[in-house]
2 protein chains.
Amino acid sequence: MARRSDHSREEIREMALDAAEKIVVEKGFEGLSARKVAKAIGYTVGTLYLVFENIDDLILQINARTLDRLYAGMAETQATARNGRQRMLQLGQVYIRFADQDPHRWSMIFEHRLAEGRELPEWYREKIARMFAIVEEALMPLAAGRPGREVAQAARVIWGGVHGICILAVGNRLGIAGVDSVQDLTQSLISNYLAGFTGPAG
Amino acid sequence: MARRSDHSREEIREMALDAAEKIVVEKGFEGLSARKVAKAIGYTVGTLYLVFENIDDLILQINARTLDRLYAGMAETQATARNGRQRMLQLGQVYIRFADQDPHRWSMIFEHRLAEGRELPEWYREKIARMFAIVEEALMPLAAGRPGREVAQAARVIWGGVHGICILAVGNRLGIAGVDSVQDLTQSLISNYLAGFTGPAG
DNA sequence: ACCTGAACACCGTTCAAGT
DNA sequence: ACCTGAACACCGTTCAAGT
């Protein structure tokens, strides 16, 4: 059992986050508890409350890490893709692959619900916003002088859509199987939506 | 405290489901517990286990009721709409309105995750399948002789997409506000996707 | 000063015992 | 036969007390 001053506040915090992530990766959100995290790092549960506000705070920190990794993956793709359409399709692929390769951490972002009335903190919303910014940027060359409002809307439609397909697929609620099918559905969504978005009918 | 033979098994079951739904509507999924349901109907918690397999079973029954109401709303719309495109747009509206008017029950369908390895029962999957069938039927007049496989795929893309927009909107993760915006996004998704789906580019 | 460990108010689930 | 109530193994959170 760890004793006083074995680790700094910051060290305990990092150890706890690492241990918690390991639990989530292996057992999913349901398997996570403050007591298990404490046990894994050799401290008692009370110690966690010196370092985190509460369990929601700890979860939010892990989700922030996950969002950062997803953002990095998207930003990388963005740099390599050729035209807007290719970028959009690649962004969709990156998202689906991310969710498929790390389903437990990805799911936790959406399974975790804040208590009634509580809002996501500003620094966290910022992480979501910058992902939409990437999608909007990829859309720009396809928007042909449309107002920014419409580009922002299209980004949210496509991203919400990709996300929804991914959710239903992971929850096995689409009557389909396999990642390839999910990739197919996502590509279909993006392709056909862009056809309408960039096409003559406006 | 209720005593023996005050109610039949079936009556206790109905009372429990009604009480549980009331809790969910008022407090959301998080507020639901076997002990609270038992208390609300004047029985001890042990009694619930004579009538339900476990708490997951009870939740699944409530979700089934919710799916039935959603299905009824969709089937009604289907009967009144004129052409395929109108039907699709109306189905989207019905879905968003349903989620908006009954967010706690709607959310519970997706917040509830089965234990690792457990599958949704066949009778439940059937309820999901028949909703997709409505969407596929509305798509038919727009599919112009395409193989059923493609129609099924398009139905899943659109429905997954509408769902995803709805999820992100309810979780306040889109940086938008209000039901009207969500309706706008949904209509944009359906319109533009259909433009690509029915358009020349295929 | 730092952390523990016990307490409090909750969970889901089971099952011997009471009526 | 039907239901209880207590037990078991868990939760998140707090805080007086120990080192």
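**Salt bridges, fold and interface**

I start with A:Glu150, which is partly exposed, with a relative accessible area of 31%. On that scale, buried means under 20% relative accessible area, exposed means over 50%, and partly exposed is in between, using a 1.4 Å probe and protein chains only. Before going on, the conventions: this is a predicted model, so local features need pLDDT of at least 70 and side-chain atom pairs count only at pLDDT 80 or more, while totals for chains, interfaces and linings use all residues. Residues are numbered from 1 along each chain as its sequence is written, chains are lettered from A and ligands numbered from 1 in the order in which they are written, and side-chain values use heavy atoms, with hydrogens and water left out.

Back to A:Glu150. Its side chain meets that of A:Arg146 in a salt bridge, 2.9 Å from N to O. By salt bridge I mean a side-chain nitrogen of Lys or Arg within 4 Å of a carboxyl oxygen of Asp or Glu. A:Arg146 is also partly exposed, at 23% relative accessibility. Elsewhere, salt bridges that share partners join A:Glu14, A:Asp18, A:Glu21, A:Arg65, A:Arg69, A:Asp102 and A:Arg105 into one network. Over all chains, the search of the whole structure finds 26 salt bridges. As background, side chains of opposite charge can pair when their charged atoms come close.

Two more of these pairs. A:Glu26 and A:Lys22 form a salt bridge at 3.9 Å, N to O. They are separated by about one helical turn because they sit four residues apart in helix 1 (residues 9-27) of chain A. A:Glu26 is partly exposed at 49%, and A:Lys22 counts as exposed at 52%.

The other pair is A:Lys127 and A:Asp68, with 3.0 Å between N and O. A:Lys127 is buried, at 17% relative accessible area, whereas A:Asp68 is partly exposed at 29%.

Now the chain as a whole. Chain A has nine helices and zero strands; helices here are DSSP runs of H or I, at least four residues, strands are runs of E, at least two, and both are numbered from the N terminus. The C-alpha atoms of chain A fill a box of roughly 70 × 35 × 35 Å along the principal axes. Of its 202 residues, 50% are buried. Taking contacts between residues at least 6 apart in sequence, 73% join residues at least 24 apart, where contact means heavy atoms within 4.5 Å.

What sits in the core? In the largest nonpolar core, of 92 residues, A:Leu139 and B:Leu139 touch the most other members. Such a core is a set of buried Ala, Val, Leu, Ile, Met, Phe, Trp, Tyr and Cys residues joined through side-chain atoms within 4.5 Å. Not counting residues up to four places away in sequence, B:Leu139 touches B:Met88, B:Val151, B:Ala154, B:Ala155, B:Ile158, B:Leu194 and B:Phe197.

Last, the interface. How many residues of chain B are in contact with chain A? The count is 39, against 39 residues of chain A. The area buried between the chains is about 3400 Å², with carbon and sulfur atoms giving 58%; buried area is the accessible area (1.4 Å probe) that two parts lose on being put together, summed over both. B:Arg113, B:Arg173 and B:Asn192 supply 21% of what chain B buries against chain A, more than any other three residues.

Across this interface the rule finds two salt bridges. One of them joins B:Glu111 to A:Arg113, with the closest N and O atoms 3.5 Å apart. On the chain B side, helix 8 gives the largest share of the residues that touch chain A, 10 residues.

I finish with A:Asn192, in helix 9 (residues 179-198) of chain A. Is A:Asn192 buried or exposed? A:Asn192 is buried, with a relative accessible area of 10%.
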